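Me: I would like to learn how to read a protein model step by step. Could you take me through some of its features, giving the general idea before each case?

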Amino acid sequence: MIKACRHIALLLTISGTLSAEELTQTILPPEIPVTGSSQSMPVMPLSASAHADTSPETMQVELPPVDASVLKAAELQASSVGPQQIQIKPGINELMPIAVGHLNRLVTPFENPVVTTTSQATTSTKGKIVYVATADETPVTLYITPGDNQDIALSLTLIPKRIPAREIHLSLDKDNYKLLSKVQQQSRTATSKPADHEQEYISHLKKLFRDLGLQKTPAGFSLRDPSHAENIHCLQNQIQIKTGQVLEGQDMLILVGVVRNTGAVMIEFDERSCATTKDEVLAVAAWPKVVLAPNESTELYVALRLNPEQASAIRPSLLQRSTH
């Protein structure tokens, strides 16, 4: 009896030990052999694997793609500095920042700006643009005028700062723009009138002679026979000149004649020989030839200035006519 009880107790102890070992083995991850390897890889339990997938370290967020043009526009907007628009009133000093150590660009409303300053800064003008560069942070005070005219002057004080190069557009109000237009128009007339008038006058004479060469009477001229005192005189030998026509305009006479080579050799007609010391000779032209063979002829045109007294014709009075 006692031996039987000991056998039962021993079996219970062994059974309890086996049950504990089986319970422990179900909790540990089983080892699954990997093909081609002599080692086994542990497999995580379901609960541990789910926990690893949902951890913040292993979670990934997909962001929508951004167009490259959007990124480039954002970069330019953050790095570029646009031009500044400032309305200036003459007589009032305007303060504005510029870049130190860089070339700054001032766009003025003047056609030919002139800069006056006592500053050490470097200034230069190109058309309507004034370029200013300074090497230190000392303020630069300058006046900008439209050419030599001092009626309009822009007073500026430029404050150098550690900023990128600046482009500043200067403008005027409506009233000052009207004054500026008047000043610049007077300046253009004063500076360009002699050259323009001379060029226009030469073109007018060329057109008159061209019409004569085409056997036309120029507009504004009347054709008549020459008087005894209206003759062409040229200081050249071996030529003969006969004046045959006179075209009379408002302030000009054009004598038309024929030049003939009376010599025995070929000559070149010198048109300058007809421009005597008299001031009334304006232009001379020979057509269609300048080089003449013996006994060969060509037409000659001589434009003369008409004096104001000669240009005014006498008008007969109607009262004298009515008395008869």
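Me: Let us start with the open sheet: how many strands form it, and in what order do they stand?

Reply: Please keep in mind that this is a predicted model. To read a sheet, one asks which strands pair, since two strands count as paired if at least two bridges are found between them. Here 5 strands form an open sheet, in the order β3-β11-β5-β8-β7, and the pairing is mixed. The edge strands are β3, at residues 84–87, and β7, at residues 122–126, each of which pairs on one side only. From one strand to the next, the twist averages 25 degrees.

Me: Which strand is joined to β3, and by how many bridges?

Reply: Strand β3 is joined by 4 bridges to β11, residues 167–171, and these two strands run parallel. If you want a place to look along this pair, Gln 85 stands opposite His 169 in β11.

Me: Now I would like to turn to salt bridges. How many does a search of the whole structure find?

Reply: The idea is to look for a side-chain nitrogen of Lys or Arg within 4 Å of a carboxyl oxygen of Asp or Glu. Searching the whole structure in this way gives 7 salt bridges. One of them is formed by Arg 105 with Glu 167, whose closest N and O atoms are 3.2 Å apart. Arg 105 lies in strand β5, residues 103–107, and Glu 167 lies in strand β11, so this pair ties together parts that are 62 residues apart in sequence.

Me: How exposed are the two partners, Arg 105 and Glu 167?

Reply: For this reading you need the cut-offs: buried means under 20% relative accessible area, exposed means over 50%, and partly exposed lies in between. Arg 105 has a relative accessibility of 27% and therefore counts as partly exposed, while Glu 167, at 28%, also counts as partly exposed.

Me: What is the salt-bridge partner of Arg 272, and what is that of Glu 296?

Reply: The side chain of Arg 272 meets that of Asp 270 in a salt bridge, at 3.2 Å from N to O. Arg 272 is exposed, with a relative accessible area of 67%, whereas Asp 270 is partly exposed, with 29%. Glu 296, in turn, forms a salt bridge with Lys 289, and the closest N and O atoms of that pair are 2.2 Å apart. Here Glu 296 is buried, because its relative accessible area is 19%, while Lys 289 counts as partly exposed at 38%. Salt bridges can also share partners, and in this way Arg 224, Glu 230 and Glu 248 are joined into one network.

Me: Let us finish with the backbone. Is the peptide bond from Trp 287 to Pro 288 cis or trans?

Reply: One reads this from the angle omega, and for the bond from Trp 287 to Pro 288 omega is near 5 degrees, so the bond is cis. Pro 288 is found in the loop between β16, residues 281–287, and β17, residues 291–292.

Me: Where does Gln 215 lie, and what is its phi?

Reply: Gln 215 lies in the loop between α4, residues 174–213, and β12, residues 222–224. The phi of Gln 215 is near 60 degrees, a positive value in a residue other than glycine. Gln 215 counts as exposed, at 78% relative accessibility. Asn 295 is not a glycine either, and has a positive phi of about 70 degrees; this residue sits in the loop between β17 and β18, the latter at residues 297–305. Asn 295 is exposed, with a relative accessible area of 54%.

Key: Residues numbered from 1 in each chain as written. Predicted model: local features only at pLDDT ≥ 70, side-chain atom pairs only at ≥ 80, totals over all residues. Heavy atoms only, no water. Buried < 20%, exposed > 50% of the residue type's maximum accessible area, 1.4 Å probe, protein only. Axes fitted to C-alpha atoms, helices over the stretch in contact; angles between N-to-C directions.
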